[in-house]
Amino acid sequence: MRAAPVGSRSADRGASHAPRPDKAPAGERARWLLADVDRRFRAPKWLANVLLAAVPWLLAGMVGTAAADPGYAFRGIVSETRPRATDFTLTAHTGKRVRLSDFDGRLRLLYFGYTNCPGICPTTLAEVHQALRALEPRRAARVRVFLISVDPKRDTPERLGAHLSHFGPAFTGLTGKPAEIAAVAAAYGVYYRVTEGPTPADYLVDHTSMVVVIDEASAVRLLFPFGTSSGDMAADLRHLLP
Amino acid sequence: VTPPRPLAAVASILAACALVVNGPVRAAGQDTRIIVQDAWARAMPPVATSSELYLVILNQGAAADRLVAAQSEACARLEPYETYTLGQGMMGMRPIPAGAVEVPPGRLELKPGGLHLMCMEKRQDLRAGMRVPLRLRFRDAGDVLVEVDIRAR
């Protein structure tokens, strides 16, 4: 791992040039998230790979370097402006209404998916689960994972609970009224739409598949696009959990 | 001492090999141009109605073959699907018409986020440690039998 260029701006000074994230409207926050995600997905695959490999090098001098290790280059897509995570209230798999801010002081991972999702979601959740297992227990204990359903019609709290039962207490399933889900998804730049499945009852949901990383100070720090390995996730989380 | 019947001996050796190496189980005289290996699926909570199956197809022949059908007792229906990515990182998947999966000479990997087999209307829960028989039918090479290794997450 190469160190950041000498004399580069520190992460904090870099962030101070951005508009105050907590003052930015939700739509603004969604836009930069999209810009980050688009950078990864619109370019041809080889170019995306080259860019993805280059991104940490390019950004290392500007943002995203953990104070503990200024040479560290994040594997995930780094949020340049570190906006404050939009708060929301949804229904947990326990049936209880919970707010994101109930978990302030924890590092939070948000993933939008659904229980009938046959491949993309289980793959991502498995990588997240493995990443947590790879972390030292004292770090893993500071992380909470939220699966936010983009299929509130079928995903009842009970169903979410059954789906997440194998993952342990760090995982919380969240569902709600369709309008509630839509508002949360929009705030985080997540798109979804119902598409045809094998049978009408077994429809599928196309959705933005990425893990949003919110640090213990409630700033959005990273995105893990689909395909990010558990090892890369664990490495990045370790640097956000000194 | 009566020697074991040759057929039974061969069968038990084949079964032992299958258990040990997770390799393809081949019937005698089967076409060897196509080899299927590393077939696996992720163990899913019982609420999941469908599961994806992944595997590697090695086409050792000189010509392209075609996967025309897939069958397993664990799935009421088993069809090839492909994952696609739209803008905004939006991902989804769609079925591939029967017989449209071309298997060019070389290696074709069915994997998460790409081409895979969709096990629909599951007849049994896929629990970690299970091995589920899978029959793949190729246009030229005929049937290939494999066991799908169900892995914990």
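What follows looks at a helix pair and then at the cavities.

Keep in mind that this is a predicted model. Let's begin with two helices of chain A: α4, which covers residues 120-134, and α8, which covers residues 230-240. Their axes sit 8 Å apart, and the helices pack at an angle of about 50°. As for handedness, the crossing of α4(A) past α8(A) is right-handed.

Who touches whom here? On the α4(A) side you'll find A:Glu127, A:Val128, A:Gln130, A:Ala131, A:Leu132 and A:Ala134. They meet A:Ser230, A:Met233, A:Ala234, A:Leu237 and A:Arg238 of α8(A). Sorted by class, the residues of this contact come out as seven nonpolar, two polar and two charged.

How many cavities of 30 Å³ or more does the structure hold? There are six of them, and the largest cavity contains about 100 Å³ of space. Its lining is made up of 15 residues. Nearest the centre of the largest cavity are A:Tyr114, A:Ile120, A:Val205, B:Gly92 and B:Met93. Two elements each give two or more residues to this lining: β8 (204-208) of chain A and β5 (90-95) of chain B. The top contributor is β8(A), with four residues.

Here is the class make-up of that lining:

| Class | Residues lining the largest cavity |
|---|---|
| Nonpolar | eight residues |
| Polar | five residues |

Conventions
Residues numbered from 1 in each chain as written. Chains lettered and ligands numbered in written order. Predicted model: local features only at pLDDT ≥ 70, side-chain atom pairs only at ≥ 80, totals over all residues. Heavy atoms only, no water. Axes fitted to C-alpha atoms, helices over the stretch in contact; angles between N-to-C directions. Left-handed = near helix turned anticlockwise from the far one by under 90°. Contact = heavy atoms within 4.5 Å. Nonpolar A, V, L, I, M, F, W, Y, C, P; charged D, E, K, R; others polar. 1 Å grid on protein atoms, 1.4 Å probe; cavity = no way out; pocket = protein on both sides within 12 Å on 5 of 7 lines; lining within 4 Å. Points joined across faces, edges and corners; volume = space filled by probe spheres on them.
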